[in-house]
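Please keep the sequence and the 3D structure side by side while you read, and look for each residue as it is named. The paragraphs below begin with single residues and then widen to the whole chain.

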Amino acid sequence: MSKILITGGAGFIASHVADAYIALGHEVIIVDNLSTGEQSNVNPKAKFYLADITDEKAIKRIFEKEKPEIVNHHAAQKDVGFSVINPLDDAKVNILGSINIIVNSVNVGVKKTIYANSGGPLIDSEGRVVGVNTFKYVDASIEGMGFALESNEVKTTVNNLAKFQLLS
Ligand SMILES: NC(=O)c1ccc[n+]([C@@H]2O[C@H](COP(=O)([O-])OP(=O)(O)OC[C@H]3O[C@@H](n4cnc5c(N)ncnc54)[C@H](O)[C@@H]3O)[C@@H](O)[C@H]2O)c1
């Protein structure tokens with residue numbers, strides 16, 4: 001069984017991911033600022049930290065204390081309309097916050113980091129990419145960071161939801 005830190009675990013998708021990990025017997029730690037998530041979504045068997053992924057000191061402290069083996073990163077500003085009107089604020093959470101999570105994962109020796117991306121490209125009925133929304137640039141940044149870290153001998157896995165699986 002693994003010690004798994006989930007960001008955004010009070011939100012829609014990651015709260016179910018947390019439930020599934022716990023049902024499999026894993027130890028789950030959730031980091032969430034409750035900006036869109038709900039405390040009531042947090043599985044009572046999970047350890048909960050109220051923290052923002054952009055808070056460098058808080059995230060460093062949590063990672064150094066918990067030393068998770070796996071990180072499943074779902075905390076995000078997910079409102080596409082907001083990202084168009086406020087690209088800098090969106091980037092602070094989705095790019096800088098994600099990099100903060102990845103860097104701390106590396107620093108404490110996390111074996112695998114799973115990133116749920118936005119599914120950014122707009123796909124037609126035959127699977128062809130017909131457009132790109134602003135989230136794709138965020139995904140490209142985070143995936144780029146993941147690949148850079150892999151080249152640094154860190155096993156970082158960057159998944160999209162289509163490929164998403166409960167890795168353990
Ligand atoms: N819901 C979908 O249909 C869908 C589809 C494709 C991809 N996604 C992606 O999956 C991820 C999760 O989506 P969701 O629908 O569960 O969203 P959600 O808003 O329900 O969950 C996101 C969670 O992250 C937390 N959060 C937001 N900013 C934070 C920050 N700065 N620090 C700490 N916690 C923060 C929120 O409080 C919330 O609990 C997002 O990256 C989203 O883009 C969602």
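Ile 99 lies in helix 4, where helices (H or I, at least four residues) and strands (E, at least two) are DSSP runs, numbered from the N terminus. Ile 99 counts as partly exposed because it has 16 C-beta neighbours inside 10 Å; a residue is called buried if 20 or more other C-beta atoms lie within 10 Å of its own, exposed if 12 or fewer, and partly exposed in between, with C-beta atoms placed from the backbone. Although Ile 99 and Thr 54 are 45 residues apart in sequence, they are 8.9 Å apart in space, C-alpha to C-alpha.

This is a predicted model, in which local features need pLDDT of at least 70, side-chain atom pairs count only at pLDDT 80 or more, and totals for chains, interfaces and linings use all residues. Residues are numbered from 1 along each chain as its sequence is written.

Asn 104 is also found in helix 4, and it counts as buried because it has 22 C-beta neighbours inside 10 Å. Which residues is Asn 104 in contact with, leaving aside its neighbours within four places in sequence? They are Ile 59, Lys 60 and Phe 63, where two residues are in contact if their C-beta atoms, placed from the backbone, lie within 7 Å. Phe 63 and Asn 104 are 41 residues apart in sequence, yet 6.5 Å separates them in space, C-alpha to C-alpha.

From these residues we can turn to the sheet. An open sheet of five strands has the order 3-2-1-4-5, with parallel pairing, and two strands are said to pair if DSSP finds at least two bridges between them. Strand 3 (47–50) and strand 5 (112–115) stand at the edges with a single partner strand each, so one side of each has no neighbour in the sheet. On average, and with direction ignored, neighbouring strands of this sheet are turned by 15° against each other. Helix 4 packs on the sheet and touches strand 1, strand 4 and strand 5, and its direction makes about 175° with that of strand 4; for such angles, axes are lines fitted to C-alpha atoms, for helices over the stretch in contact, and angles run from 0 to 180 degrees between N-to-C directions.

Strand 1 (residues 3–7) runs parallel to strand 2 (residues 27–32), and five bridges join the two. With strand 4 (residues 70–73), strand 1 pairs in the parallel sense over four bridges. Ile 4 stands opposite Val 28 in strand 2 and opposite Ile 70 in strand 4. Because four of the five residues of strand 1 are buried, this strand is largely enclosed by the rest of the structure.

Strand 4 also pairs with strand 5, in the parallel sense and over four bridges, and here Ile 70 stands opposite Lys 112. In a regular strand the side chains alternate between the two faces of the sheet.

Most residues other than glycine have a negative phi. Leu 34, found in the loop between strand 2 and strand 3, has a positive phi near 60°, and Leu 34 is partly exposed because it has 15 other C-beta atoms within 10 Å. Lys 67, in the loop between helix 2 (56–66) and strand 4, has a positive phi of about 45° although it is not a glycine; with 12 C-beta neighbours inside 10 Å, Lys 67 counts as exposed.

Seen as a whole, the protein chain has five helices and seven strands, which run β-α-β-β-α-β-α-α-β-β-β-α from the N terminus on. Buried residues make up 36% of its 168 residues. The mean pLDDT, which is the predictor's confidence in each residue, from 0 to 100, is 79 for the protein chain, and 68% of its residues reach 70 or more. Over residues 151–168 the pLDDT stays under 50.
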